[in-house]
Every structure is written in structure tokens, then in C-alpha cells.
Amino acid sequence: ASAKPSNFLRQIIEHDLAEGTYTARRWGGSPGDAAHHAAGASDPAKIRTRFPPEPNGYLHIGHAKSICLNFGLARDYGGVCHLRFDDTNPEKEDQEYVNAIIDTVHWLGFDWKASFNGVSSTCLYQASDYFDFMYRAAEYLIQAGHAYVDEQSAEAMRINRGDFGAPGVDSPFRSRTPAENLARFREMRDGRHEDGAMVLRAKIDMASPNINLRDPAIYRIRRATHHNTGDKWCIYPMYTFAHPIEDALENITHSLCTLEFEDQRPFYDWLLDRLCEGGLLQAPHPHQYEFARLNLTYVVTSKRKLAALVYDHKVNGWDDPRMPTIVGLRRRGYTPEAIQLFAERIGVTKSDSWIDYSTLEGCLRETLDVSAPRAMAVLDPVKLVLTNWDAVMGAGALDECSAPVHPHLPALGRRSFKIGKEVWIDRSDFEETPPKGFFRLFPGNKVRLKYGHVIECTGCVKDAAGKVLEVHATLVPDTKSGTPGSDTVKVKGVITWVAVADGIPAEVRLYDRLFLDAQPDAGGKEFLASLNPNSLKVIQAVVEPSLASAKADDKFQFERHGYFVADRVDHTGGKPVFNLAVGLKDSWGK
Ligand code: ATP
Ligand code: MG
Ligand code: MG
């Protein structure tokens, strides 16, 4: 295998491993914390990364970038990547999402088992398990004079924070003593105050040029039932407070996040430095690094916007094959290999950009081309009648044709199907009056039925409106593919087909881009306005008999048409349903 291309994160990790940056480190929590488990198997010489989704929706292709990055780095450097649910926001979170995320990360090919020095552990965590520690950390900050309870209204707090041009104004509550603050904070915890009546704020610097350091809120009152801790708490830590603590308790070495969090890094360091000073954590603490988020054209990658598509019934659920969710991509026919290849190909950088959707499709096409069995399918069937069949082959006769399952994988064997007097062909393969450069069926022209015989078109039968009902042709004797002398008759066109005698009817779902605008939500645009009204077309097709044994999730190349997958949800042997995964060529916009 070729070496992975380097990037700024690989360089940082290689440097830290060479310098032994984290070898001095031991777990710094108190025994009894849930976090103890994280360190139980800790080998200080290893790197630890984490993928920390909030369980408030289904993962999308942007998350896949982060998953492949975090788990991939841990794998490549002999470390471990934690799967951690960042569940500090009880109103929006749900066990359904927790389960779906676990399934998705597994399906993508990653695992959170670690084995160091013969001790193995499962590195699956949830931030809510650290609420006790976080609470103690907050009390420590109060006692050390680094936090205070602020009773200003939310509006006053916002105004007094100031903006980039002007320094903030100190809260009148900022000079309370630690004892007063501690008493108030305990009242908050004990449910003695209304939601929103006050917050706990870190006491840093109201004049900092970085707004995030102007005494950020770290705890708020929220009476909400949490899917893990139930009604134990009525105060919850803010994300910016919780996240660094989660990383530190789990001995994360390299905490990777998207560029929007760059301005949060000073607070991340401030908080962990204070907790190390207080002996609640041990240095060196984790370091945050930022990388560019994935922006993919023709889709939106925000759980909130994807949820809107689902709840407004713009799509048929989170796993609709048009959705950029991982479950949607999976149902569309994407494989873990294709998504991993995509993540590798786009790389990681520190500057935001848009990746074209066709890059993702190219990865799927490449992985399916080398693996997917081939089959013939007629997507828009019209009947072709071989008018001399009975005379040449015998009345009612059927002949047997065969083809390799995969042109480059002989081990997969061959598939066989019948040919008879009547076969289905694609409507677009016949033109009564051929345009220039058209080499398929038109009266007087010869083509080959792929894997079958050469035929010569003689005409067609039409209805009163001029619609073609049947195409007529004659079989050219002794031209069957694979028989001696079969290639003496030269033809310019080869068409795919399925015999009426053994073709199977199938529903085929043809998918197109979900949005017409390449950047549907850029610059605050109303993304729903550019929804593609024709992103799904359902047709009745006829497919070759080898597909009778197709199982849900099996992928195929329908020759000349593209890659298709038997729908994971709706496909059955008795009622086949195939989804278009990706075309044979990048034809978007052409
Ligand atoms: P969304 O805005 O869709 O809700 P999020 O970042 O709030 O996304 P989280 O569940 O918090 O969702 O994300 C988990 C991890 O996935 C984070 O570490 C985040 O950096 C990463 N992530 C989310 N979206 C992208 C993206 N588009 N590109 C790269 N990484 C992403
Ligand atoms: Mg988030
Ligand atoms: Mg979000």
C-alpha cells in the first residue's frame, strides 16, 4: 500500500510522538469518576483522538470526513479514537440518534475498542457521564475566584458583552465573593431558581479582543429530562465548558474540530490550565486543532437543515437516497470503501472550500467498477420483434446466451439468459429517422444485441399518435456472440436488451441532485427555494433473470446505464426495487 499523503495534522502528530509530548501524562481525574475507565487502558505513548457527535440527528457526509479523519489517524499511528456522545443539550437529544450514530460509525468501518498492554477497553463515552466532575470543576472555579453567578437578564448580558469594536462592561454581579457565588450556584443546582434566571460565568476578561473570553457562560438552568441522566440535573454545562473537560478526562491528545471553533481555543486552554492548576486535571492537557469543514455542492450539511427536509416531507425520511446523510448514502448504494476513499481524496486543510458532488460520485463509481456484478436492464422498454425468428430458429424456440458476471473477475463466473422472438430494448435505442452519428437501430441498419446476435432493423409499428409500439428486425443467421465466424458481419452499434421470455419486471428509482443550486445555503440563502422538483423519477423496467436472486443492498452495474443497488428497505425477491447509485460517467450538467 502506498504511503498516505501527509498533511498538517499528520505532521503535528509525528512531531508529538517523536518528542514524547504526552509521555509524561497520567490521568488526572478522581477515582470514582466514570472517566476513570478511559484512562484505565491508557498508554501514555499513544495518541488519542475522538469523534464527538451531539446525538440530535443523523450523521451526514461532513461527519464522515471527521470520522475518517479521527479514526483514521488513530489507526495509522497505533492510537485509539473514542466515540463520544456530546450530550449536554437535553432538549434536542434522543436515544434514537445515539443508536443510529453507533450503527453508522461501525458501518463506516471503525471501532472504538482499544487494547494496550494486554488490557482491552471499549472507548465509547457520553459527556453526561461527566456531569458530576463538571459540577465539581465549576465549584472549584468559583472557589478560586474564576467564576461567578450572573443575574443580569440575557439581553443585558448580550449588550454588556460589547462587540469587536468596543470592550464589554462588567456585570454588577462580577465582584461577588466566592462564598456568595458558591451559595447561589448551589441554589441553581437545587432547583431554587427559574430557568434562565441566572447563569454561571467564567471570570476572565471583559475587555478581551476575543469575545469568547469576555466571561463566557459555563452553566445554565434548564429543567429538561436528559436521555441519560433523567431528572437528576436542572443545570447543564455549556458546550464550550463541557467539551475541553470531556477531552481532558478521556486523555485525548489531539482534539480536532472545524475552523469555526478556532476562536474558542483560547477558552479551551484557559479552562484546562485553571483545572490543572487546581489539581483537578493533570498537564499536559489536550490540544485543540482546527481543520476545514466539508462543504459539498448540491446538498446541505447541517443536521438542522436536513431535519427540516425530513419533517416537511421534502424527502422520505433521514435515509432517503437523495439525502447526504450516511444512512441516505448507504441506501443510495454507497459503500464504506467509497466514503473512505472520498475522505482521503479531499484531504484536510486549514482553508474552507467547496468540494464538487461529482468527486463523491467518482469515488463510488471507482469502487463499484472493480467489484459490482454486471447485468442487463431495459429502463424504458419497447418490444423488439425478430420477424424471421420462427423461420431461422424454429417456432417458439429460445436460445441461451451468456456473459461474464464481471469482465475482469473471471472467478465470479458467468450469467446466462434467454433470447427469443421478442426482446425488450430501450426506447431510445431506436430512431425511425436517425440523427447524424446515430449507430443504433433505424430501418436498414444492423446492430448487435449484446452477447447475442446481429440483427437488421426493418421498421416499426406505431399508434395513431405516432408513438412506437414495436420495433421490427430480422436476425442475421450465424452471428451469435462467441460462435465461430460471429464477427464477420461488422456493426457500429451494440445494444443491451432483455428477452420477453425471462425478463423480470422491476421498479427502478432514478435519483438526481437534491438541489439545483450548487451552494444551496451559502451566504444565508433560503436553501428550500432551490430544491430540485425532479430529483426522483420512478419507472418500471425489465431486468435480466440473474437479478432474481439479488438481495437488498446488492450492487450491480446495469450495462450502459450505471450502477444500481437493490433498495435496502423496499426490495424483495417478489417485488424488485433498484436505486440508481451513480451513472457510468460524470454526466452532470452535460
Ligand atoms: P451540524 O451543524 O450538522 O449539526 P455539528 O458540528 O453541530 O454539525 P456534531 O454532532 O457536533 O454536529 O459534530 C460532530 C463532529 O463532526 C464535530 O467534531 C464536527 O467538527 C464534525 N463535523 C460536523 N460537520 C462537519 C463538516 N461539514 N465537515 C467536517 N466535520 C464536520
Ligand atoms: Mg455540534
Ligand atoms: Mg449543530
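This briefing walks you through a predicted model of a protein chain with a ligand. The mean pLDDT of the chain is 93, and 95% of its residues reach 70 or more. For the complex, the predictor gives an ipTM of 0.96 and a pTM of 0.93.

**Confidence**

- One stretch calls for care: over residues 27-41, pLDDT stays under 50.
- The model has 33 contacts beyond four places in sequence for residues 27-41.
- Where pLDDT is low, the predicted coordinates should not be read in detail.

**Domains**

**Around ligand 1**

- The shell around ligand 1 has 15 residues, and Pro53, Gly62, Ser66, Arg293 and Lys303 come nearest.
- By type, the shell divides into four nonpolar, six polar and five charged residues.
- Helix 3 gives the largest share of this shell, with four residues.
- Helix 3 and strand 10 (254-258) each supply at least two residues of the shell.
- Ligand 1 lies between domain 1 and domain 3, because both domains give residues to its shell.

**Nonpolar cores**

- The largest nonpolar core has 106 residues.
- Those with the most contacts inside this core are Ala377, Val378, Val423, Ile425, Trp497 and Val498.
- Helix 3 (residues 61-76) contributes eight residues, the largest share of this core.
- A second, separate core has 38 residues, including Ile235, Tyr236, Ala242 and Phe267.

**Backbone features to look for**

- Ala283 and Pro284 are joined by a cis peptide bond, with omega about -5°.
- Pro284 sits in the loop between helix 9 (265-277) and strand 11 (287-291).
- Tyr451 is not a glycine, yet it has a positive phi of about 70°.
- You can find Tyr451 in the loop between strand 20 (446-449) and strand 21 (454-462).
- Tyr451 has 22 other C-beta atoms within 10 Å, so it is buried.
- Asp553 is not a glycine either, and its phi is positive, at about 85°.
- The loop holding Asp553 runs between strand 26 (536-543) and strand 27 (555-558).
- With 15 other C-beta atoms within 10 Å, Asp553 is partly exposed.

**Val98, a helix residue**

- Val98 belongs to helix 4 (residues 95-107).
- Its 17 C-beta neighbours inside 10 Å make Val98 partly exposed.
- Beyond residues up to four places away in sequence, Val98 touches Pro55 and Phe85.
- Val98 and Ala397 are 299 residues apart along the chain, and 58 Å separate their C-alpha atoms.

- Phe173 is in the loop between helix 6 (154-161) and helix 7 (178-189).
- Phe173 counts as partly exposed because it has 16 C-beta neighbours inside 10 Å.
- Setting aside neighbours within four places in sequence, Phe173 is in contact with Tyr148, Val149, Asp150, Glu151 and Gln152.
- From Phe173 to Ala581, 408 residues along the chain, the C-alpha atoms are separated by 59 Å.
- Ala372 is in the loop between helix 13 (357-369) and strand 14 (374-375).
- Ala372 has 23 other C-beta atoms within 10 Å, so it is buried.
- Not counting residues up to four places away in sequence, Ala372 touches Lys555, Phe556, Gln557 and Tyr563.
- Ala372 and Asp319 are 53 residues apart in sequence, and 22 Å apart in space from C-alpha to C-alpha.

Terms used: Residues numbered from 1 in each chain as written. Chains lettered and ligands numbered in written order. Predicted model: local features only at pLDDT ≥ 70, side-chain atom pairs only at ≥ 80, totals over all residues. Core = buried A, V, L, I, M, F, W, Y, C linked by C-beta atoms within 7 Å. Buried ≥ 20, exposed ≤ 12 C-beta atoms within 10 Å, placed from the backbone. pLDDT = per-residue confidence, 0-100. Contact = placed C-beta atoms within 7 Å. Near = placed C-beta within 6 Å. Nonpolar A, V, L, I, M, F, W, Y, C, P; charged D, E, K, R; others polar. Domains from an automatic or database assignment.
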